[in-house]
Amino acid sequence: MNAQDAINFVHEQFNSKKEYPAFRPGDNIAVSYKIIEGSKVRIQVFRGDVIQINGEGATKTFTVRKKSNGVGVERIFPYASPNIDEIKVLKFGKVRRAKLYYLRNAIGKKGRIKERKLFTAN
Amino acid sequence: MTSVFTEDGNQVACTLIEAGPCVVTQVKNEEADGYYALQLGFGEAKPKNTSQQMAGHFEKAGTSPKRKLIEFRDCDLDKSIGDTVTVEDVFAEGDIVHAIGKTKGKGFQGVVKRYNFRGVGDATHGQHNRQRAPGSIGQASYPAQVRKGMRMGGRMGGTRVKVKNLKIVKVYPEKNLLVVSGAIPGHKGSTIIIEKKY
């Protein structure tokens, strides 16, 4: 068997078949993440801007960046993680690149993302 | 390699191995050979690339010519000549296995990459072109020679290596696939031996 076929087959078997709303870099999202403490499961929400989407298939990840008490915090989530409970898209951002690494050094107005207006039927 | 998530949410880096189906091409026994072993054949070989001697060997087992023949000594599988050995005959989920294979050839490498020497670690203080040098390789007029076995630059990789204690994450008998946690020696598509740990 072809190596890529084998990888695709295994990914198919492990696929959690969860559907999340579509989002892209620059969007503001809230990720509800399950945290397992012993036997208890707690849900924590991580809210921030998506600064990159990386990879493909079962190893695809996205990075969410937020400011917490003035300190930038980034967290990488695998799409396929069974610990992601829910993703909510809160704001659509208007950005001109796929990887928003410039936000790490941007201060003040430069560090803000403009909102993308969505066209509606009327 | 790829990665999968276990049920408890942990991500495991794993390697996919096409394990079998193998054919028993010879059963060695105590009387004739002095020891007991199973010889397994794996992978199809072209008949035109198979020597007549080997063609006869395969004919005895009643199979098509195989690419690789490997002997498993004191193998406890209850199989006779010409039988097929599949993944599920040997391996199950959760088993611990060892992988034996030939590592990727790295070419001529210096001591820093080959033996994890630390190099000089300083670009100034009198250093010139010596960042990755091995340093002293011996003493003075006694013994007036470099001792045998002194670690120096040279060919690296391309050697037989056994990686121990890999865990089987999943077995897919219908595709002859093994999903094993961790890395195994060799490049993509290379042939390896998987041993079960008891």
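How many residue pairs are in polar contact across the interface of chain B and chain A? In this predicted model, local features need pLDDT of at least 70 and side-chain atom pairs count only at pLDDT 80 or more, while totals for chains, interfaces and linings use all residues. Side-chain values use heavy atoms, with hydrogens and water left out. The rule turns up 1 such pair, with both residues at pLDDT 80 or more; a polar contact here is a pair of N or O atoms within 3.5 Å, where within protein one must be able to donate a hydrogen and the other to accept it, and residues adjacent in sequence count only if both atoms are side-chain atoms. As for salt bridges (a side-chain nitrogen of Lys or Arg within 4 Å of a carboxyl oxygen of Asp or Glu), the count between chain B and chain A is 0.

With contact taken as heavy atoms within 4.5 Å, 18 residues of chain B meet 15 residues of chain A. The two chains bury about 1,400 Å² between them, and carbon and sulfur atoms give 73% of that; buried area is the accessible area (1.4 Å probe) lost on putting two parts together, summed over both.

Which elements of chain B give two or more residues to the side that touches chain A? They are strand 1 (2–5), strand 2 (11–18), strand 10 (160–172) and strand 11 (177–181), strands being DSSP runs (E, at least two residues) numbered from the N terminus. Strand 1 of chain B has the largest share, at 4 residues.

Notes. Residues numbered from 1 in each chain as written. Chains lettered and ligands numbered in written order.
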